[in-house]
Amino acid sequence: MKPLPNRTCLWLSAVLFVLSMSTASLLWFGDAWARPYRMGKIPASRLGCGACHVNPNGGGPRNSFGDDYAVVGLKAGDTYTDALSAKDSDGDGYTNAQEFEAGSHPGDPNSKPVK
Ligand SMILES: [Ca+2]
């Protein structure tokens, strides 16, 4: 078999390096990088990934608002809908819209709008 020219070996090495670094970064950052685009879809950017997940850094189990988003929001095309806005995801007596407007957490029943 004829050996590959040096230029081809360098090119293949560069491609393999980029692919291995991409794979390593995906494994390293995991779920925290999984869906950051969703942060612009709900009116709770200050809550970060914790708007939908129990872990404020994202990934893992969802809170009650995240569960509702998964059912209502994803079904509607991955968006925050009027139906989701009108729900009281954490059952604390305030709609998600009221919670977002007041700055409280729609997935935490211990976080309520201040009267
Ligand atoms: Ca709440």
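The legends below describe close-up views of a predicted model.

**View 1. The chain as a whole is built from helices and has zero strands.** Its secondary structure comes to four helices, and reading along the sequence gives the pattern α-α-α-α. The chain has 115 residues, of which 23% are buried.

**View 2. P56 sits in a loop between two helices.** The loop runs between helix 1 (6-29) and helix 2 (64-75). P56 counts as exposed because 10 other C-beta atoms lie within 10 Å, and the cut-off for an exposed residue is 12 or fewer. When neighbours within four places in sequence are left aside, P56 is in contact with G48, C49 and G50.

View 3. After helix 2 comes G77, which has a positive phi, near 100 degrees.

**View 4. Helix 2 contains several buried residues.** The buried residues of this helix are S64, F65, G66, D68, Y69 and G73. Helix 3 (82-86) and helix 4 (96-102) are included in what covers them. In an α-helix, residues three or four places apart point the same way, because each turn takes 3.6 residues.

Terms used
Residues are numbered from 1 along each chain as its sequence is written. This is a predicted model: local features need pLDDT of at least 70, side-chain atom pairs count only at pLDDT 80 or more; totals for chains, interfaces and linings use all residues. A residue is buried if 20 or more other C-beta atoms lie within 10 Å of its own, exposed if 12 or fewer, and partly exposed in between; C-beta atoms are placed from the backbone. Two residues are in contact if their C-beta atoms, placed from the backbone, lie within 7 Å.
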